[in-house]
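Today I am opening my notebook on a protein with a ligand.

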Amino acid sequence: MDFLAGNWSKGGKMNKIEIIQADITTLPVDAVVNAANSTLLGGGGVDGAIHRAAGPELLEECKTLGGCATGQAKMTGGHQLPARYIIHTVGPVWRGGGNDEPVLLASCYRECMRLAEQKRLRSIACPAISCGVYGYPVEQAAEIALTTVADCLQQDGQSLEKVYLVCFGDAICKAYNEQFARMNSEHD
Ligand code: ADP
C-alpha cells in the first residue's frame with residue numbers, strides 16, 4: 001500500500017486512522033465502503049469500479065436489498081473483491097450546504113462504522129463519500145470524515161483496529177492530510 005509521508009499519529013484513536021492513496025477495490029481489508037446511489041444498483045465513480053471488480057453476483061445481491069436512503073448503509077458480501085464485505089452507503093448530493101448535507105455525510109460514516117462493529121470487523125477502507133459526482137467541497141468533507149471516524153473509534157470495546165481513508169486524487173489527499181495534522185496536534 002502506498003502510505004503517504006507525513007501521516008504520523010500520536011493519540012490512540014488517531015493511530016487507527018490511515019490516510020492512503022489507493023484503488024479501494026484492491027485492498028485486502030475486512031470491508032470496503034462503497035459510495036453508492038440510492039438504488040444500490042451500480043453507477044459511476046467508485047461504485048462502478050467496485051461492481052466491476054466484485055463481479056455480477058454483487059448486483060444480484062444488491063437487487064435484494066431494496067435500495068438505501070441517503071445517510072444510511074447496507075452490507076453485502078465482497079464477492080470477487082479481496083475484501084470480505086462491502087458496506088454500501090449513500091452520501092448526500094451537495095446542494096449548497098443548507099439541506100442537511102453535513103448531518104447526512106456524518107451519518108454515512110457513522111452507519112458504516114456501526115455495521116462494521118456489528119460484525120466485529122477489524123479493518124475497513126472508506127472512499128471520500130460524496131466528493132466525486134455528488135460535489136461535496138473536499139475540505140468540509142474531510143473534516144466530517146475524520147472527526148466522525150475518530151469519534152466512532154473512541155467508543156469502548158469497539159473492534160476496529162484500522163480505518164483506511166482512501167484518497168483518489170491530490171485535492172482529497174491534501175485536505176485529508178491537513179485535517180489529520182490539525183486533529184493530531186490537538187491531541188499533543
Ligand atoms: P459520490 O457520488 O458519492 O460523489 P464518486 O464515486 O463520484 O461518489 O466519488 C467518491 C470518491 O471516490 C471521489 O473522491 C472519487 O475520486 C473516489 N474514487 C473513485 N474511484 C475510486 C477507486 N477506485 N478507489 C478509491 N476511490 C475512488
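For contacts I take a polar contact as a pair of N or O atoms within 3.5 Å. With that in hand, I find a backbone N or O atom of V133 2.9 Å from an oxygen atom of the ligand.

A note on ground rules: this is a predicted model, where local features need pLDDT of at least 70, side-chain atom pairs count only at pLDDT 80 or more, and totals for chains, interfaces and linings use all residues. Residues are numbered from 1 along each chain as its sequence is written, and side-chain values use heavy atoms, with hydrogens and water left out.

Next entry, more contacts. A polar backbone atom of S130 is 2.9 Å from an oxygen atom of the ligand, and for a backbone N or O atom of Y134 I read 3.0 Å to a ligand oxygen. On its own the ligand has 560 Å² of accessible area (Shrake-Rupley method, 1.4 Å probe), and the protein covers 89% of that.

Last entry, the pocket. The ligand sits in the largest pocket, meaning more than half of its atoms lie within 2 Å of the grid points. I used a 1 Å grid over the protein atoms alone; a pocket is an open set of points where a 1.4 Å probe fits, with protein on both sides within 12 Å along at least five of seven lines, and lining residues have an atom within 4 Å of a point. I note a volume of about 530 Å³, the space filled by probe spheres set on the points. Of the 24 lining residues, A35, G45, V46, D47 and G132 are closest to the centre.

How values were computed. A polar contact is a pair of N or O atoms within 3.5 Å; within protein, one must be able to donate a hydrogen and the other to accept it, and residues adjacent in sequence count only if both atoms are side-chain atoms.
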